[in-house]
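Here's a quick tour of a two-chain model, topic by topic. Keep the picture open while you read.

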Amino acid sequence: MSAAITPKVWIIATGDNVGTLVGDAAPASVELPIIGAGNGGIRLASPIPHGHKVALRALPAGAEVIKYGVVIGRLIRPVAVGEHVHTHNLESMRGRGDL
Amino acid sequence: MTLSAFRRADGRVGIRNYLAVIAATDAANPVARRIAAAVPGAVAITPLYGRGQLGADLALSVNTMIGLGTNPNVYGALVVSLEAVAGRRIMEGIGAMTTRCAAMGIQEEGGTPRLFEKAVALLREWKREADALARSPIELRELVVGLECGGSDTTSGLVANPAIGLFTDRVIDEGGTAIFSEPVECLGGESALTARTPDAAVQERIRATVRKYEEIALRAGVDLNKTNPAPDNIRGGLTTIEEKSLGSICKAGTRNITGVLDYGERPASHGLYLMDAPAPATENMTALGAGGAHLILFGTGVGNSIGCPVSPTIKICGNPLTCRSFAPHIDVDLSNVIGEGLALSAAGDAVTQAASAVVNGAITRCEALGETEIAISRIGESV
């Protein structure tokens, strides 16, 4: 990612509990601006790659993750605010012939 | 938006005058490719199989080849096959819908060298006729727009697909037709789609079409998410099929859904349709092309190079990294939305401009590079 693109967190719909980091990979502890359906800022708990999701608030294991204002899966472990949300802690609730 | 295209005898319009070389049996694929390579404007349609198929599976293959051969962008279709009967069946299906149509069998021609010479001479004659045709003004409502995404990442649902959705809304508002498909990538977004039709029968058909693909994973006893999202989607930040779906359906804009189409089925009227076809891009675009799509708007995130041989395919990307690293394959660079805060409405205008230019004859990256392929779904076994 070009150094020219300031990292920011894009929230798609009001009520989402995750946002998407866009721009340069951001270090933890720097407050990033929130764009889209939100405002203010958020600090990442750990570095997150471009395009990946960040928790907007602390959520318990089993919580539904909301993006586009719609459930996109559930957490298999708790997350802290600013934490990376991806395949290591979020699972699908659809097409699960393995369950 | 000023649009022009070639008007066919039956009133349809074509935005290209492709010469399609269709291999009705896979033994004819190599010579079909050599013929297409020898004549400018010719495209090879080379499915696998074609012998030993039966029942609904055979019908799907035959009807898809006929659909591709009668796509309005095709001026002439030459069907080649090992023996003449298999090719003639496709040729008769194409019939008078396409301006020129012929069939040749490898056995009947005494081998591929003679077939090649005869085919190239015929196609050069068709090309001479097609080159003499002039474009005339058309309206947006005369077009069928296919919607696709591939190599998706989270930017697909933030930028590329929503920008395509703005164009889709415009097509529908002007009385045109758009087809989105990839029903497995509607999983989790069903209620958003069924809310877009007051017709209970259409609502149920949407639900059933999406459920059909979820049930394939349930029956197989596997996690669909191990296949879709694919590894490149996951690298790009997509985690679950629900998340990928909600980004994917942004392509379909916001207008009412008119109905659901079978695989490769032509829409009977104007409006926005969901087509029942598997989601992988090559396979899905084959169904869209057979369904008569004049062009395909293709949203990508981490990059996908493939297009449809009969429907010029426009690659649209909002990931700034991909727009740089994958530039030879990107037609519409929307990196400014993330990079500089360009409004999504302006991104939608950029999609509209690109689509107009391609309708009017501008060559897509897929066309220039020859990155086109087809894959007809198999729904039965060969015997």
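In chain B, 3 strands make an open antiparallel sheet in the order 2-1-7 (two strands pair if DSSP finds at least two bridges between them). Helices (H or I, at least four residues) and strands (E, at least two) are DSSP runs, numbered from the N terminus. Keep in mind that this is a predicted model: local features need pLDDT of at least 70, side-chain atom pairs count only at pLDDT 80 or more, and totals for chains, interfaces and linings use all residues. Residues are numbered from 1 along each chain as its sequence is written, while chains are lettered from A and ligands numbered from 1 in the order in which they are written.

- Strand 1 (residues 3-7) of chain B pairs with strand 2 of chain B in the antiparallel sense, over 2 bridges.

**Parallel pairs and crossovers in chain B**
- Strand 3 (residues 18-23) and strand 4 of chain B run parallel, joined by 4 bridges.
- Leu19(B) has Ala42(B), in strand 4 of chain B, as its bridge partner.
- To get from strand 3 to strand 4 of chain B, the chain goes through helix 1 (residues 29-38) of chain B, and this β-α-β crossover is right-handed (with the strands pointing away from the viewer, the path from the first strand over the helix to the second runs clockwise).
- Strand 4 (residues 42-45) of chain B is covered on both faces: Ala42(B) and Ala44(B) are buried on one side, Val43(B) and Ile45(B) on the other.
- Buried means that 20 or more other C-beta atoms, placed from the backbone, lie within 10 Å of the residue's own.
- Strand 5 and strand 6 (residues 100-105) of chain B are parallel too, paired over 6 bridges, and the link through helix 3 of chain B is again a right-handed β-α-β crossover.

**Helix 2 of chain B**
- The 15 residues of helix 2 (residues 55-69) of chain B should span 21 Å at 1.5 Å a residue, and the end C-alpha atoms are 21 Å apart, which agrees (the expected span is 1.5 Å times one less than the number of residues).
- Its buried residues include Leu60(B), Met65(B), Ile66(B) and Leu68(B).
- The buried residues of helix 2 of chain B pack against strand 3, strand 4, strand 5 (74-81), helix 3 (84-94) and helix 10 (281-290) of chain B.

**The chains overall**
- Chain B has 14 helices and 14 strands, and 56% of its 383 residues count as buried.
- Chain A has 0 helices and 9 strands, and buried residues make up 41% of its 99 residues.
- The C-alpha atoms fill a box of roughly 60 × 50 × 40 Å in chain B and roughly 45 × 25 × 20 Å in chain A, taken along the principal axes.

**Where the chains touch**
- The contact takes 27 residues from chain A and 30 residues from chain B (residues are in contact if their C-beta atoms, placed from the backbone, lie within 7 Å).
- On the chain A side, strand 2 (18-22) and strand 7 (70-75) of chain A are the elements that give two or more residues.
- Strand 7 of chain A gives the most, with 4 residues.

Note on methods. Two residues are in contact if their C-beta atoms, placed from the backbone, lie within 7 Å. A residue is buried if 20 or more other C-beta atoms lie within 10 Å of its own, exposed if 12 or fewer, and partly exposed in between; C-beta atoms are placed from the backbone.
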